[in-house]
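I opened a new structure today and kept notes as I went. The entries follow the order in which I looked things up.

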Amino acid sequence: LYRCTRPFLRSPLRASFIFRRESMSYETGSMSMQKIKSKHHENTEQQGQPSSAATPSHKVTKTEDVPRPGRAPPTAAELPILYQSEDYIIVNKPHDVRLDTDHPLTVEKLLKNILPSCPQFKWIHQLDYATSGVLCVGLNKKATARAAALFQERKTSKVYLALLQGVLAPGPHTVDVPIADDPKHDFKMMCGTDEVPGRSACTTVEVLKHGTYNGKEVTKVALHPITGRRHQLRLHTMHLGHPIVGDATYGSDLESPRMMLHAWKLTLPFSTGPLEITTDDPFDSLLD
């Protein structure tokens with residue numbers, strides 16, 4: 001059993017990347033970048049389920065959150081390394097940073113600063129623009145296929161932390177509601193209906209703590225996705241009547257500095273032994 005709860009490095013290395021804010025406009029629709037719409041792609045910011053093949057980092061494989069006013073990318077970001085080997089690099093992705101595209105600040109560019117000799121980084125799973133947390137990246141084709149198969153066969157274990165608006169009753173809660181494309185929106189998903197049934201989706205919600213954030217009642221939860229539909233966690237918490245704090249797409253909170261959704265734990269059950277990665281809790285100090 002390999003367990004990592006703090007950065008694992010051969011040297012104390014962190015990557016940072018800085019660009020000038022003045023060179024970009026962050027109003028909705030004002031950024032020009034390549035996007036390939038793939039709503040049925042299983043690589044979501046919540047579950048990270050892969051497609052039939054791992055994705056090279058130079059391709060954009062899904063539509064991501066369009067930055068909105070108040071959700072501008074940071075002018076600088078660090079990419080803490082949680083685990084590194086010849087096969088994988090696992091990092092703690094910052095929120096509001098894209099994986100790739102031609103944007104000046106991306107995870108791919110930060111990784112290139114760390115491993116400049118690596119010819120190509122391969123996304124084994126994905127986290128969306130607004131989501132932070134554990135992200136596993138393949139460094140060679142064989143290792144990538146091995147890890148991607150674990151995601152595809154739903155053998156991995158993933159736990160997310162989130163702050164939800166309001167007071168959610170003690171659980172656990174199981175949300176078994178399908179997820180469908182929203183026919184009225186080219187980015188949003190929706191909970192399935194008789195007319196738009198969607199695909200089966202299931203999430204277990206574990207209440208961890210009640211408190212207040214910015215003077216408003218909130219609930220910190222651990223989210224355990226059973227399936228991996230796009231925007232599943234955001235929609236399932238909204239279905240419970242408690243949207244994620246800071247979710248500008250499905251909620252109404254535009255005041256919070258970020259969406260409070262974080263990929264907290266990832267377990268990869270390799271045949272040689274499980275690899276367990278856990279980050280610090282980014283919301284621990286936020287609750288009163």
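**Entry 1: helix α3.** I call a residue buried when its relative accessible area is under 20%. I note too that this is a predicted model. Which residues of α3 are buried? I found Q232, L233, R234, L235, H236 and T237. Helix α3 covers residues 232-239, and six of its eight residues are buried, so the rest of the structure largely encloses it. I then looked at what follows α3 and came to G241. The phi of G241 is positive, near 90 degrees.

**Entry 2: the whole chain.** I stepped back to the overall picture. How many helices and strands does the chain have? I listed three helices and 16 strands. The chain has 288 residues, and buried ones make up 54% of them. I also checked how far apart in sequence the contacting residues are. Among contacts with a separation of 6 or more, 70% join residues 24 or more positions apart. The chain exposes about 13000 Å². Carbon and sulfur atoms supply 51% of that area.

**Entry 3: confidence.** I looked up the pLDDT next. The chain averages 81, and 76% of the residues score at least 70. Where does the pLDDT fall below 50? One stretch is residues 5-47, which still has 146 contacts in the model beyond near neighbours in sequence. Another is residues 58-70, with 57 such contacts.

**Entry 4: cysteines.** I searched the whole structure for disulfides and found zero. Are C191 and C202 buried or exposed? C191 has a relative accessible area of 17%, so C191 is buried. C202 is also at 17% relative accessibility and counts as buried.

**Entry 5: an aromatic pair.** I searched the whole structure for aromatic pairs and found one. Y88 and F270 form this pair. Their ring centres are 5.5 Å apart, with 25 degrees between the planes, and the pair is stacked. What does the pair tie together? Y88 belongs to strand β6 (residues 88-93) and F270 to strand β15 (residues 261-270), so the pair links parts that are 182 residues apart in sequence. I checked the exposure of both partners. Y88 is buried, at 4% relative accessibility. F270 is buried as well, with a relative accessible area of 13%.

**Entry 6: charges over rings.** Which ring lies under the charged end of R98? I found the ring of Y129, with its centre 4.9 Å from that charged end. K265 gave me another case. The charged end of K265 sits over the ring of W264, 4.3 Å from the ring centre.

**Entry 7: Q165.** I ended with Q165. Where is Q165 placed? I found Q165 in strand β9, which covers residues 157-165. At 26% relative accessibility, Q165 counts as partly exposed. What does Q165 touch beyond residues up to four places away in sequence? I noted E217, H242, P243, I244, V245 and D253. I took P243 for a distance check. Q165 and P243 are 78 residues apart in sequence, yet 5.7 Å apart in space, C-alpha to C-alpha.

Technical notes: Residues numbered from 1 in each chain as written. Predicted model: local features only at pLDDT ≥ 70, side-chain atom pairs only at ≥ 80, totals over all residues. Heavy atoms only, no water. Buried < 20%, exposed > 50% of the residue type's maximum accessible area, 1.4 Å probe, protein only. Helix = DSSP H or I, 4+ residues; strand = E, 2+ residues; numbered from the N terminus. Disulfide = S-S within 2.5 Å. Phe/Tyr/Trp six-rings, centres within 6.5 Å; stacked < 30°, edge-to-face > 60°. Lys NZ or Arg CZ within 6 Å of the ring centre and 35° of its normal. Contact = heavy atoms within 4.5 Å. Areas by Shrake-Rupley, 256 points an atom, 1.4 Å probe, with all protein chains shown as cover. pLDDT = per-residue confidence, 0-100.
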